[in-house]
Amino acid sequence: MTLPIPTLRSNASFIPDKTDIEITGSRSNTKAIEACKKLLQWFDMKGGGRLWIHSNIPVGKGMASSSADIVAAIKATAHSYSLPLTEDIISSIASEIEPTDGVMYDDVVAYDYLNGQLIESLGHLPPFLLIGIDVGGMVDTIQFNQLLKPYDGRDRNQFLEAYELVKIGMGNKDLSLICKAATISAHINQKILPKPYFSEFERLSNVFQGGLFIAHSGTVLGILLDSNVPNIIDVFSKISKQISLIINNTRIKTFYCFGGYMNYKK
């Protein structure tokens with residue numbers, strides 16, 4: 001399930017060169033360059049060009065940075081060659097390179113990240129507030145997805161329960177159900193990729209009637225809240241102070257996302 005945050009973006013520029021057969025760019029953008037090549041192959045075209053990527057998405061944090069780069073690169077290349085692009089084409093190309101997030105869709109979607117297929121589009125989230133921490137370090141998404149996940153029957157039933165809660169919550173614009181679903185999913189993932197401070201954040205989310213959210217293949221942990229609750233600014237301040245006490249003035253970064261705008265606290 002995706003959680004679109006509009007201010008976290010990867011922007012790509014592509015200058016085509018039909019006289020060349022090479023696509024070049026930064027060494028850090030090898031996956032995105034490969035995606036450009038695969039796009040031209042998809043349309044049985046020859047040509048090259050130069051790719052530039054500019055992104056503000058933290059790398060290795062489970063926030064779909066490489067997926068966003070790949071999608072941006074494909075869109076920029078398609079635009080430069082006037083190719084008829086669809087989300088399905090993007091998904092097919094991206095999933096050939098690595099397990100991909102559904103960032104090619106603007107809505108919240110249920111998405112098969114291994115096979116690059118849309119399961120269901122669920123629309124836009126109700127107004128929300130995220131506040132949390134980056135516990136540090138980096139996770140290699142490809143290596144993480146190669147690990148065998150020890151999900152049992154109970155886990156699978158809980159995943160189905162969480163999925164139904166999200167669908168009902170999205171349909172009724174009821175963020176409390178989405179918060180409950182996020183907490184269920186976070187608990188299951190805790191035995192796969194454990195996050196420090198998990199129990200402390202869960203207690204804090206219960207106090208303020210929110211939900212836990214985590215980066216399932218990353219380093220982010222926090223609290224999801226309905227931004228329409230009364231005195232939300234006061235609630236935000238109280239949670240921020242409690243998080244400062246939990247992390248005990250370590251060098252861990254805290255962040256918040258309010259109305260789709262994400263910021264790291266100083």
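In this predicted model, helices H2 and H3 pack with their axes 10 Å apart and at an angle of about 130 degrees, and the two are therefore oblique to each other. H2 passes H3 in a right-handed crossing, and the residues that meet there are Ile70, Val71, Ile74 and Lys75 from H2 and Ile90, Ile93, Ala94 and Ile97 from H3. Sorted by class, this contact of H2 with H3 holds seven nonpolar residues, no polar residue and one charged residue.

H3, which spans residues 87-97, also packs with H1, residues 30-42, where the axes come within 10 Å and cross at roughly 130 degrees, which makes H1 oblique to H3. H1 passes H3 in a right-handed crossing. On the H1 side the contact involves Lys31, Glu34, Ala35, Lys38, Leu39 and Trp42, and these meet Ile89, Ser92, Ile93, Glu96 and Ile97 in H3. The classes in the contact of H1 with H3 are six nonpolar, one polar and four charged residues.

In soluble globular proteins, nonpolar side chains tend to be buried together. Here the largest nonpolar core has 27 residues, and those with the most contacts inside it are Leu39, Leu51 and Ile74. At least two residues of this core come from each of H1, strand S3 (48-55), helix H2 (65-80), H3 and strand S4 (108-112). Leaving aside residues up to four places away in sequence, Leu51 touches Ala12, Ser13, Phe14, Thr24, Gly25, Ser26, Ala32, Ile33, Cys36 and Ala73.

Technical notes:
Residues are numbered from 1 along each chain as its sequence is written. This is a predicted model: local features need pLDDT of at least 70, side-chain atom pairs count only at pLDDT 80 or more; totals for chains, interfaces and linings use all residues. Side-chain values use heavy atoms; hydrogens and water are left out. Axes are lines fitted to C-alpha atoms, for helices over the stretch in contact, and angles run from 0 to 180 degrees between N-to-C directions. Helices (H or I, at least four residues) and strands (E, at least two) are DSSP runs, numbered from the N terminus. Angles under 35 degrees count as roughly parallel, over 145 as roughly antiparallel, 65 to 115 as roughly perpendicular and the rest as oblique. A crossing is left-handed if the near helix is turned anticlockwise from the far one by less than a right angle, and right-handed if clockwise. Contact means heavy atoms within 4.5 Å. Ala, Val, Leu, Ile, Met, Phe, Trp, Tyr, Cys and Pro count as nonpolar, Asp, Glu, Lys and Arg as charged, and the others, Gly among them, as polar. A nonpolar core is a set of buried Ala, Val, Leu, Ile, Met, Phe, Trp, Tyr and Cys residues joined through side-chain atoms within 4.5 Å. Buried means under 20% relative accessible area, exposed over 50%, partly exposed in between (1.4 Å probe, protein chains only).
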